[in-house]
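Hi there,

Here is the structure I promised to pass on. Have a look at it first, and then read on for what turned up.

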Amino acid sequence: LSETESEPRIYAYSRAASAALCHVVCVGFTAFIAVQSRPGSSLFSWHPFLMTLSFSLFMSEAILFFSPYGSPIRRFPHKTKGRFHWVLQCLCGSCAVLGMAAIYYNKNLNGKPHFTSWHGVLGLLTVCATGVQSLAAVPLIHHSLAKGWSLSKLKRYHAATGLVTHLLGSTSLLLGLGTAWFTTSVGGYAWYLSALCPVFTALVMMNQVTTAQMAKKRLQS
């Protein structure tokens, strides 16, 4: 095979490997944070656990459902994938709200000010963006609400804004790893390895969404 003929196969293998590794990273990172936070040991412990569960696991896996290389349900119809995506996004939003409520109430109990760090501000923005993104997706399920809009255009907007929301979530998680709660118990190579997890996941999501959008544009041109 020539180089140009082998490139698509090489790209397919690399994307399949990246998607498979992304599944492992999403589950592994969430499990690691669960061990570190020990959910239920305190009110605060629910915050890192629920936020990681929300954005590292549920939202990432919801996007990966549409991956042509790494979706665990890639042989299912697109409509079925959409339903699974919707379920995980509902779980994502629920965990995000509960995680935000936990830290808000915990700060109230301890008399601490709210949203005084970049992690706190970006976390609030991420939760709000998740709520808006979920509401904006309703016309994709109930098409009668999308009056005056083409579904293809709505899907493009949803994919783009969904990617932005995921990047916000990944950045918020990364900033959370720089807080005193995490750095007092995790340091050295373990910290850097932990920090790579949301970065790697975000890169995989970016590649998946941008590649899908470029492919659609080529088909339409």
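A word on terms before the helix pairs: axes are lines fitted to C-alpha atoms, for helices over the stretch in contact, and angles run from 0 to 180 degrees between N-to-C directions. Helices (H or I, at least four residues) and strands (E, at least two) are DSSP runs, numbered from the N terminus.

This is a predicted model, in which local features need pLDDT of at least 70 and side-chain atom pairs count only at pLDDT 80 or more, while totals for chains, interfaces and linings use all residues. Residues are numbered from 1 along each chain as its sequence is written, and side-chain values use heavy atoms, with hydrogens and water left out.

**Confidence**

The predictor's confidence in each residue is pLDDT, on a scale from 0 to 100. Its average over the chain is 93, and 96% of the residues score at least 70. Please note residues 1–7, where pLDDT stays under 50. For that stretch the model has one contact (heavy atoms within 4.5 Å) beyond four places in sequence.

**Two helix pairs**

Helix H3 (residues 78–109) packs against helix H4 (residues 118–136) at an angle of about 145 degrees, and their axes are 10 Å apart. Cys92, Gly93, Ala96 and Met100 of H3 make the contact with Gly123, Leu124, Val127 and Thr130 of H4. Five of the residues in this contact are nonpolar, three are polar and none is charged. In these classes, Ala, Val, Leu, Ile, Met, Phe, Trp, Tyr, Cys and Pro count as nonpolar, Asp, Glu, Lys and Arg as charged, and the others, Gly among them, as polar.

H2 and H6 also cross at roughly 145 degrees, with axes that come within 10 Å. On the H2 side the contact is made by Met51, Thr52, Phe55, Ser56, Met59, Ser60 and Ile63, and on the H6 side by Thr165, His166, Gly169 and Leu173. These residues divide into five nonpolar, six polar and no charged.

**Cavity and pockets**

On a 1 Å grid over the protein atoms alone, a cavity is a set of points where a 1.4 Å probe fits but cannot get out, and a pocket is an open set with protein on both sides within 12 Å along at least five of seven lines; lining residues have an atom within 4 Å of a point. Grid points are joined across faces, edges and corners, and a volume is the space filled by probe spheres set on the points.

The structure has one cavity of 30 Å³ or more, and the volume of the largest cavity is about 50 Å³. Its lining consists of Phe29, Phe55, Ser56, Ser60, His166, Ser170, Leu173, Cys197, Pro198 and Thr201. H2, helix H6 (151–176) and helix H8 (188–220) each supply at least two of the lining residues.

The largest pocket has a volume of about 1200 Å³. Of the 43 residues that line this pocket, Phe66, His78, His85, His158 and Ala159 lie nearest its centre. H8 gives the most to the lining, with 10 residues. By class, the lining has 21 nonpolar, 16 polar and six charged residues.

The second largest pocket comes to about 680 Å³. It is lined by 32 residues, and those nearest its centre are Phe44, His47, Ile103, His119 and Thr179. Here the lining divides into 15 nonpolar, 15 polar and two charged residues.

Best wishes
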